[in-house]
Amino acid sequence: MAKSVRKVPEYCYQCVAGPDLLTVKVEDGVATEIEPNFRAAEVHPGGGKCCVKAYGLVQKTYNPDRVLQPMKRTNPKKGREHDPRFVPIGWDEALDIVSSKLNEIRAKGLLDQEGYPRVAASFGGGGVPTYYMGTFPAFLAAWGAVDFSFGSGQGVGCTHSEHMYGELWHRAFTVCPDTPSTRYVLSFGANAEAAGGVIGAWRHADARVRGMKRVQIEPHISVTGAASAEWIPIKPKTDAAFLFAMVHLMLHEHARERLDIPFIKAHTGSPYLVGPHHYFLRDPRTRKPLIWDLTSDRAVPFDQLDTDPALEGAFKLDALEVGADGQEWMHRGVAAKTSFGMLVQHMLPYTPEWAESVCDIVPGTIRRITNEYLDHACVGETIEIDGEVLAFRPVSIALGRTVNNGWGGYECVWARTLIPCLLGALEVPGGTLGTTVRLNRPATSRQASVKMGPDGFMDYPMNPTDFEHWQSSPKVRNAHATLVPLSANSPWSQSLGPTHFAWMFRKQSPDHWKKVTAPDLWFVYRTNPSISFWDTAEVVNRISEFPFVVGFAYTPDETNWMADILLPECTDLESTQLIRIGGTKFIEAFWDHEGFALRQPAVKPRGDTRDFTDIATELAARTGLLEQYNDAINRGAACTALKGKDFDFGLDPAVKHTSEEIWDRMCRAASTEVTDGRTSEGLAWYREHGYRTRPISRLVWYLFPELRKQGIRFEMPYQERLLRVGVQLGNRLHEQGIKWWDTQLTEYQALPPYKDFPGIWERETVAQGCKLEDYPFWLITARSMQYAWGSNVGIPLIDEVAGNLKGHRGIVINARRARELGIEDGDIIEVRSYVGKTHGPAVLREGIRPDTLLMIGQFSHWATPYAKDMKAPSMNSLVAMSMALTDATGSSADLVRVGVRRVGAAAA
Amino acid sequence: MTRWAMAVDLRRCNGCQTCTTACRQANATPPGVQWRQVLDMETGEFPEVRRAFVPVGCMHCGDPPCEHVCPTTATKQRADGLVTIDYDICIGCGYCAVACPYQARHIVHRNTFAFGDDRPMESELARMDPERISVATKCTFCKDRIDAGREKGLTPGVDPEATPACVNSCITDAYVFGDRDDRNSKLSKLLEETTHFRMHEELGADPGIYYIWDRKATGTGADQ
Amino acid sequence: MSAPLGRTAGRTAPWHQSNWDLRAAGNFVFGGAGTGLVVFAAIGYVFGAAYVMPALIGLALVGAGLLCVWAEIGRPLRAMNVYRHAKTSWMTREAMVAPFLFASGLAAVWTGYQALVWAVAVLALVYLSCQAQMIKASRGIPAWRNPRIVPLIMLTGLCEGASLAILVAAATADHAYLKWLEAFLLALVLARGLAWYAYRSGLQHEGAPTRALAALSRIELPFAMLGNWTPLVLLFIALASSSVNVIFWLGVISALAAFGSGWLFKVVLITRAAYNQGFALPRLPVRGTGSGGPAAKPGWH
């Protein structure tokens, strides 16, 4: 029997679906069990639970392969084949080495000869590591220019097009159904049951029992497909065809009365008239886009009151058309259609019969699904939320990765946003909702980020493409502001640029482009690009060229294998930090409360590890940045500002503060905010209670009321702004002689046509010198809840339980197809692309298309202890970093054509 | 009378293995020994395929085959329905393991550790139990939590402290635990309102886990 | 180091039990043959054949079987706990018969009293039936729990006993009642052959894991053909013959085939055909709408 038993509250933010809450049972000072924070069921939309990943934290803490003291590299050679020969050193020596390097850099100047920051930093996706790195963001803020371009897959392999277009159209960094009240969800590969987190899983289970129908449309039957009412095996990368066919049906085979005509007229850009050069026709005096008012039978500015805008028809008028780079045309008696009219015409060819030839789904199914969608839409119905009457439209569409990123991502996100707009189902109860913003500001409130912009649509912090302001010389190595206007200029923007370009251009610079230099110093934490990005063998080679790498380390891994210094942090249950919870946030995190939660040392830190906050403070002191660092903390660089209108818990900038002191003040600021100044309890209170919240209105979930209040329309269907941006960007690039972005420029279309998206991957395979028939399969990947976000690859307990789900550690292949190839269940097969090859046991299943292979998660480790012995295959070494496969927003997709052959019998 | 039993709502379960993991940890079972396990079952032929997730483990049967065959009375059935194992009496003959139609019993013959037998973790050493080596072990419905909880006046299935770890951990709210003989328990009421089955019912062991698969039949036969 | 995940994780179709191996099989192999031999030692005694040798060999075999069990259990030092559940456990009951069997057996060998000899034979039969019932009570193994396993296990025990009695008689030149033994063996292999088909058809009818049925099919040749029907024919010939050599050699060959196949059958039953029940769903759940799905019973015939 244990003498002392404590239950210590913590938060888990191992993935972006959180944060969630939990407690750690500590018996006689040893962490033994993870449990939900049961009390939190009062406020947590997932019953106070934490998912399977969090249960790995005990083994993570006591992992015998942890780096427990600072390490210094003694082998000057770097690369996969070069053992770093790390030797243990003391903290003083380690911090001295790092800070001397930093001081050296500072003396030279923060930017190198090409204008790039000398210091680079890479952290894992989605901002997750931010909540484990204490006040390190404040150190980086104090430092100055830092290049976050060297990605590990974020911004490229994630829901990339959804991030950008979603934020543009409805402040939706990610998109989610209004699960608690929706009745019908079309999910194109969105793996909610694997990636939706606790809250997603909880809400969808409730919805199912309530009778919600979810149709999962994807090439294999994922865990989400399993938990859905219907699974439709669509051909990879053809989702846009299905969506376009749906739009076609809504416009051409169903009566207009089935759509929400009043909504379309009043709250979208549908009535806007379009001129012969494809831009809006505008009032010459006010330059406002014109609509045709049926009441007065003439063209008037869109925001004129008491009009009945025409949705369709042909009209003649005098108007100004404004193109790109200030080019204008004054028209007299020009013939014009409405945006909506153009849309109707545009969608004419996209019949279900056409779609069948593209996506391999019979027209009857597409028609039935569209009928069901319309039948559930409840056009005209309303509901009361917190005293306000809103439209009730319980239908929604979710898109998954590989659908909403890479070529075709724009088309899919456009169609997915358009369909709700036709039914009044965007940003209203039951419908399709955005979750949060990271490109627009402030990040804490979608409503507050809504501002009137040009032409009656929302403002958007587009990176300039006009001659005067375009960033012709990139300031960071992935050139996001130069190449991707939609990537905006928020703290997240760098990570949302083409983060593979930094690696690619290091190997080979494209024409008329300044050299991409190696950073003088690279910080890397809680990320493993050598595993999680593409063409991983090459990533290792690029990292090996970096002169000085500082890895904040948990265990040795494939990236810190090339480090010069390893600094071991206190891991999740050994250190202190505060995080915001509640409100609405990525994936399915929709709360009726908001506030803060703490993570704290449940056990004494192992070995000679240090709290990241203390490491950051030391680095700041040793680089002469202590004052700036403390100021940054005071301003809110780590969690929340310490000074506000009515409170001041600010740190004395001249002094080194302990982690405990800093977080105590953070807790006080948090308490003040949550209780509206009634109390300012600090760390001790949070240590006992774990979290603090206050209720919020559910109206916060829905953005449409804010648009309606400000008289702003959804920028749908016609993308006039994007058209102009694309032309201007093209002009700027051509002025520099840059033609290698021309294909990407074709994505900037006001009404996107369908393109042969799978063909892009096929053509690239051929362009690399391969015969397509030698690479007959599509290789895709899927999320694993147990392993998502990488924290658990070296955890035996997780490996064990993940093994209960079919596909882990193997390659899923259609059973009949496998047998045709002489492959039995368990046989070792080799899968190869034009980039590389991998192998693993075949997992024969019925629930996958015969032309598709699946590798779950991201593995193929060769340095991470335990993981390297799993010998699990991964597609990342088979996928290229390629300009041809990059779309306009700078993303690509986890997709490649592969060949298969049997290489051995099943292991005994 | 009390009969502790469990309902698992298969409509909710998404195969996440959170309960499998919570059980492993709460009961400190050795690597590979899963008293609670969630299975991944696929049926049909492409493209008419279905996939379901099924939590399994000891069913705490009303007529437990294991109890009949146990030669030592180590396996007993309590008055409240729990089927228990007294590790001190068990001789590890494995007869109960072959008698159980649910494959719920596990016997390991040596201590093993997750990262290798030569590298036990503190958390493993703290919970190591030599009494559970070379004897039969299985899900206990977290009997220690139930008993300790009841002593404090708590209700198993309602108060988390008195409830099995798997039930507590489930992120889809798929589990309900309670007294099957109490018509007013949450469990009994849920079973009234839903359509359910038990596994291998034809073998007559009267298993104590009910698998819910649909709402109560409306009698119209119409699909929703 | 990483645990080999293997294909044992998350199994839904029946897999082979791993608790009882060759040592457990040994209990039934030696125990069945041994008790059978003790019974035929008693029968031989009536015919004036020597009792001591076959009886002692029979008891030694039973003892060897029990040693196998003791070698298999996890906590051998607690072996005496096996006596605590006579109320329902056939393992307890088997253990309870054992000391009486040995005590009376040794007494019978020592004294030669007829009553004791018959008592030992009866106890041997009781022991054999405990073994058969023990297997049948294993509700988790479809190939074991079929009621028709009981006559099959008992008949093979008696077959093996008769076969060993023939071999002992042949070895000790106690040929006087060899033909009687062969007659008994003929009847027994016929009965065992029929019991085998009854058992297998019972399994087909009730349903059993596909791989269990396959494992049993694989011994159709060595067990049924070579172990039953061949001895049946050979014994028929031997019984019809008056040649001492024919009677001797066909008897010995039949005996070897009959007891060898019996041991093969029991080893296969315990270590190759012992697939467990697996998992099954009579319905798949409704996921929001629709009617769910039909039953799933992977790995079953």
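Reader: Which way do strand 11 and strand 16 of chain A pair, parallel or antiparallel?
Author: Strand 11 (residues 273–274) and strand 16 (residues 328–338) of chain A run antiparallel, joined by 2 bridges. This is a predicted model, by the way.

Reader: What is the bridge partner of A:Leu273 in strand 16?
Author: A:Leu273 is partnered with A:Thr338.

Reader: And strand 15 of chain A, how many bridges join it to strand 16?
Author: There are 8 bridges. Strand 15 covers residues 314–322, and the two strands run antiparallel.

Reader: Give me a pair there. What stands opposite A:Lys316?
Author: A:Ala335 in strand 16 of chain A.

Reader: How many residues sit between strands 15 and 16 of chain A?
Author: The two strands form a hairpin with 5 residues between them. In the turn, A:Asp325 has a positive phi of about 50°.

Reader: Where do the side chains go in a regular strand?
Author: They alternate between the two faces of the sheet.

Reader: Switching to the barrel in chain A. How many strands close it, and in what order?
Author: A set of 6 strands closes the barrel, in the order 27-31-28-30-29-32. The pairing is mixed. From one strand to the next, the twist averages 45°.

Reader: What about strand 29 and strand 32, how many bridges?
Author: Strand 29 (residues 828–832) and strand 32 (residues 896–904) of chain A share 5 bridges and run antiparallel. One of the facing pairs is A:Ile828 with A:Gly904, the latter in strand 32.

Reader: On to chain C. How many helices and strands?
Author: Chain C has 10 helices and 0 strands. Its elements read α-α-α-α-α-α-α-α-α-α from the N terminus on.

Reader: What box do its C-alpha atoms fill?
Author: The C-alpha atoms of chain C fill roughly 80 × 45 × 40 Å, along the principal axes.

Reader: How many residues of chain C are in contact with chain B?
Author: On the chain C side, 55 residues are in contact with 62 residues of chain B. The area buried between these chains is about 4,500 Å². Carbon and sulfur atoms give 59% of it.

Reader: Which three residues of chain C supply more of its buried area than any other three?
Author: C:Arg139, C:Phe279 and C:Arg287. Together they supply 16% of the area that chain C buries against chain B.

Reader: Now chain A against chain C. What area do they bury?
Author: About 1,300 Å² between them, with 47% of it on carbon and sulfur atoms. Of the area that chain A buries against chain C, 28% comes from A:Arg208, A:Arg809 and A:Tyr866, more than any other three residues supply.

Reader: And the residue counts on each side? How many?
Author: In contact are 21 residues of chain A and 10 residues of chain C.

Reader: How many salt bridges and polar pairs?
Author: The salt bridge count is 0. The polar contact count is 4 residue pairs, both residues at pLDDT 80 or more.

Reader: Which helices of chain A each supply at least two residues?
Author: Helix 26 (796–802) and helix 28 (867–870) of chain A. The side of chain A that touches chain C divides into 8 nonpolar, 5 polar and 8 charged residues.

How values were computed
Residues are numbered from 1 along each chain as its sequence is written. Chains are lettered from A and ligands numbered from 1 in the order in which they are written. This is a predicted model: local features need pLDDT of at least 70, side-chain atom pairs count only at pLDDT 80 or more; totals for chains, interfaces and linings use all residues. Side-chain values use heavy atoms; hydrogens and water are left out. Contact means heavy atoms within 4.5 Å. Buried area is the accessible area (1.4 Å probe) that two parts lose on being put together, summed over both. A salt bridge is a side-chain nitrogen of Lys or Arg within 4 Å of a carboxyl oxygen of Asp or Glu. A polar contact is a pair of N or O atoms within 3.5 Å; within protein, one must be able to donate a hydrogen and the other to accept it, and residues adjacent in sequence count only if both atoms are side-chain atoms. Helices (H or I, at least four residues) and strands (E, at least two) are DSSP runs, numbered from the N terminus. Ala, Val, Leu, Ile, Met, Phe, Trp, Tyr, Cys and Pro count as nonpolar, Asp, Glu, Lys and Arg as charged, and the others, Gly among them, as polar. Two strands pair if DSSP finds at least two bridges between them. Axes are lines fitted to C-alpha atoms, for helices over the stretch in contact, and angles run from 0 to 180 degrees between N-to-C directions.
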